[in-house]
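Open the model in your viewer and keep the sequence panel beside it. The tour below moves from the whole chain to single side chains, saying at each stop what to select.

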Amino acid sequence: MSRARALTQNASLACGAVLAVLVLAEGALRVAGFRPERHQTRIRLTNAADLGVRANALVLDCYPSDPAGSFDVDLADAAVRRRYEAAGVHGLERTAEFPHALEFRYNSRGFRGPEFPARRPGVRRLVVVGDSFTEGQGAREADTYVRQLEVLLNAREPGSWEVLNLGWRALDLPKLRETLDTALDLDPDVALFGMVLNDGERSAAFDRQWPVLNDWIMVRRPPESPSLLRPRLLSFVRDRLETSRIARDTTRWYRDMYGPANAEGWQRTREDLRAMQQEARRRGVPLLVALWPLLVGLERDYPFAEVHEKIGRVCERSAIPFVDLLPALRGRPSSSLWAHPADWHPNALAHRLVAEAIAPRVREPAAPR
């Protein structure tokens, strides 16, 4: 047999083997019913004119599933639906695919929870400022770290603490500085800023790079339409490549937010933290900054530990008491702390662990009036 013919036969055998492997892989994926994992994000309904109206509003965050059994409003129940219809909630007909819901009731100031009470002698007041992690997106109000902080503080000193939640979803710096001013107007003994890595200021150019599909908080990847003709193997490979690209780009975006690529925004963030400390000090209120980790990579190499250290150093140089919440959550499976597979806000377990980490630090600067 000539050398050329032998090479041709070997090439044919190799191609046949590769083809056989591909066919087997395709068959295995079809038998397993493989489709790229996608989850619909939640929808929001309100009894107000629109979702921009928060004062005295009732809002439902509605999810397609409830893997952890933590969404306590069952909109598949006709009696429950009638109750919300009577309360004026619009769009309930949209919830056939989103029957699992959480209720948000906002007070006259637009913050989640009851009206803020007048000061009571002998009761220390903690005000908590932050974004959706503080408001408690994905968690019942009773399960938020704000409410659990109140329980923990009063467990040692019954009736001695009240904790007010001034969390407001989607707010970042510098708007959170304004929220702190509102909180300080409530005459607190201690103020807490529950910071999240997406709170940092961003230049206009940097903000345009925001990772829209998955920002490590909300997952917005659209589902892939099923088709008998579409190769499952192609979907598998494409999904893995896309997932890897999104993870790389999102991780880089957060790291760059606190570095030279966003130098202008990072400088303003540092100034915001110093200004918050100065205003709190001017009013005689101790300010504590507690930094939440993003709920990704906690079980292995958390990708933003260096960013936590940078923010911690800024607080240290500005004499701002700082609590890094990463150790409270590190080592746990990240998904065990998610509100939902498409909503990576903290669930009740994450909120409890964070409250336990913060409570001892809150007690330090507070003295009864």
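What does the accessible surface of the protein come to, and what percentage of it belongs to carbon and sulfur atoms? The accessible surface is about 17,600 Å², and 55% of it belongs to carbon and sulfur atoms, with areas taken from the Shrake-Rupley method with a 1.4 Å probe and, for residues, only the protein chains shown counting as cover. This is a predicted model, in which local features need pLDDT of at least 70 and side-chain atom pairs count only at pLDDT 80 or more, while totals for chains, interfaces and linings use all residues. Residues are numbered from 1 along each chain as its sequence is written, and side-chain values use heavy atoms, with hydrogens and water left out.

**The whole chain**

Of the 369 residues, 49% count as buried, where buried means under 20% relative accessible area, exposed over 50% and partly exposed in between (1.4 Å probe, protein chains only).

**The five-stranded sheet**

Next select the open sheet with the strand order β6-β5-β7-β8-β9, whose pairing is parallel; two strands pair if DSSP finds at least two bridges between them. Strands β6 (161-167) and β9 (322-324) are at the edges with a single partner strand each, so one side of each has no neighbour in the sheet. From one strand to the next, the twist averages 20°. Inside the sheet, β5 (residues 124-130) and β7 (residues 190-195) run parallel and are joined by five bridges, and Val 190 in β7 is the bridge partner of Leu 126.

**The nonpolar cores**

Show the side chains of Leu 126, Tyr 145, Leu 197, Leu 294, Ile 311 and Ile 358, which have the most contacts inside the largest nonpolar core, a set of 77 residues. Such a core consists of buried Ala, Val, Leu, Ile, Met, Phe, Trp, Tyr and Cys residues joined through side-chain atoms within 4.5 Å. Helix α11 (residues 348-363) gives the most to this core, with seven residues. Centre on Ile 311 and, leaving aside neighbours within four places in sequence, look for its contacts (heavy atoms within 4.5 Å), among them Met 195, Trp 266 and Phe 322. Apart from this core lies another of 13 residues, including Ile 43 and Val 80.

**Salt bridges**

Finally, turn to the 28 salt bridges found in the whole structure, each a side-chain nitrogen of Lys or Arg within 4 Å of a carboxyl oxygen of Asp or Glu. Select Glu 162 and Arg 120, whose side chains meet at 3.2 Å, N to O; Glu 162 is in strand β6, while Arg 120 is in the loop between β4 (100-105) and β5, 42 residues apart. Glu 162 is buried at 3% relative accessible area, whereas Arg 120 is partly exposed at 44%.

Then move to Asp 272 and Arg 177, which form a salt bridge of 3.0 Å, N to O. Asp 272 lies in helix α8 (residues 263-282) and Arg 177 in helix α5, so this pair ties together parts that are 95 residues apart in sequence.

How values were computed. Helices (H or I, at least four residues) and strands (E, at least two) are DSSP runs, numbered from the N terminus. Axes are lines fitted to C-alpha atoms, for helices over the stretch in contact, and angles run from 0 to 180 degrees between N-to-C directions.
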